[in-house]
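Please have a look at the sequence and the structure first, and then we will go through them together.

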Amino acid sequence: MNLAETKVFVVSAPSGAGKTTLVQAMLARFDCFAFSVSVTTRPPRAHEQDGLHYYFRTEAEFRALIAADAFLEWEEVYPGRLYGTLRAEVDRILATGRYPLFDVDVKGGLNIKKYYQDRALAIFIQPPSLERLHERLNKRGTDSPEEIERRIAKAAYEMSFADQFEHVIVNDRLEDAIACMADLFAAHLNATFV
């Protein structure tokens with residue numbers, strides 16, 4: 001499988017909408033995918049491991065990777081909080097003969113979609129409402145009240161980009177969202193192999 005004929009699968013959403021949970025469910029259901037590990041400058045959460053959840057780097061290290069043109073896409077999501085997708089990570093996945101599955105923020109997803117064009121399936125995960133998103137971020141317990149408010153304001157902006165994705169899945173009931181995404185992935189995989 002080479003880059004020219006590879007389909008990539010992109011899942012994007014505002015923070016707290018459930019994209020990581022949905023991506024993990026797809027990785028458990030389909031063995032043809034490999035998770036694309038992103039690079040970030042944010043500190044790891046208690047359960048996160050370097051190289052498994054993210055590649056955790058300092059801002060100076062991240063900026064050196066930018067200067068070396070190592071990223072397929074990158075963005076400063078919040079001041080001092082950079083996220084990006086390494087070209088080498090995509091190459092690593094392709095070398096295994098599997099499809100890259102990206103769990104990225106909205107702008108990152110649109111940048112990957114722009115790069116791969118019709119070889120990308122881009123799915124937007126939408127929370128049922130900003131109020132429910134606020135509840136989810138509070139329950140997650142990983143962010144300060146100020147950080148949650150900043151994420152909610154950003155989510156309202158990010159939701160305006162939903163129509164630029166091929167599919168929008170409203171994650172109201174997790175089981176329904178998983179079933180919907182699995183059906184979409186299966187349909188696109190079947191089309192790829194026909």
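Predicted model: local features only at pLDDT ≥ 70, side-chain atom pairs only at ≥ 80, totals over all residues.

Residues are numbered from 1 along each chain as its sequence is written, and side-chain values use heavy atoms, with hydrogens and water left out.

The chain has 7 helices and 9 strands, where helices (H or I, at least four residues) and strands (E, at least two) are DSSP runs numbered from the N terminus. Its radius of gyration is 16 Å, close to the 16 Å that the globule rule gives for 194 residues, so the chain is as compact as a globular protein of that length; the radius is taken over C-alpha atoms, and the rule is 2.2 Å times the number of residues to the power 0.38. Along its principal axes, the C-alpha trace spans about 50 × 40 × 30 Å.

Of the 194 residues, 48% are buried, and by buried I mean under 20% relative accessible area, with exposed being over 50% and partly exposed in between, using a 1.4 Å probe and protein chains only. Among the contacts with a separation of 6 or more, 68% are between residues 24 or more positions apart, a contact being heavy atoms within 4.5 Å.

Now to the strands, and to strand 7 in particular. How many of the 6 residues of strand 7 are buried? The count is 6 of the 6, over residues 99-104, so strand 7 is largely enclosed by the rest of the structure. Tyr 99, Leu 101 and Asp 103 point one way, whereas Pro 100, Phe 102 and Val 104 point the other way, and all are buried.

Strand 7 runs parallel to strand 1 (residues 8-12), to which 4 bridges join it; two strands pair if DSSP finds at least two bridges between them. Within that pairing, Phe 9 stands opposite Leu 101, and Ser 12 has Val 104 as its bridge partner. Strand 7 also runs parallel to strand 2 (residues 33-35), with 3 bridges joining the two, and here the partner of Phe 35 is Leu 101.

Strand 1 is likewise largely enclosed by the rest of the structure, since 5 of its 5 residues are buried. Val 8, Val 10 and Ser 12 point one way from strand 1, and Phe 9 and Val 11 the other way. Strand 1 pairs in the parallel sense with strand 8 over 5 bridges, with Val 8 opposite Ala 120 and Phe 9 opposite Leu 121. Strand 8 is mostly covered, 6 of its 7 residues being buried, and 4 bridges join it in parallel to strand 9 (residues 167-170), where Val 168 stands opposite Phe 124.

Let me turn to the loops. Ala 13 is found between strand 1 and helix 1 (19-29), and it is buried, with a relative accessible area of 1%. Leaving aside residues up to four places away in sequence, Ala 13 touches Lys 19, Val 104, Asp 105, Val 106, Ile 125 and Glu 158. The C-alpha atoms of Ala 13 and Gly 109 are 8.8 Å apart, although 96 residues separate the two along the chain. Gly 109 is itself one of the buried residues of helix 4 (residues 106-116).

Is Gln 117 buried or exposed? Gln 117 is exposed, with a relative accessible area of 57%, and its phi is positive, about 50°, although it is not a glycine. Most residues other than glycine have a negative phi. Asp 69 is also not a glycine and has a positive phi, of about 55°; it lies in the loop between helix 2 (59-67) and strand 5 (71-78).
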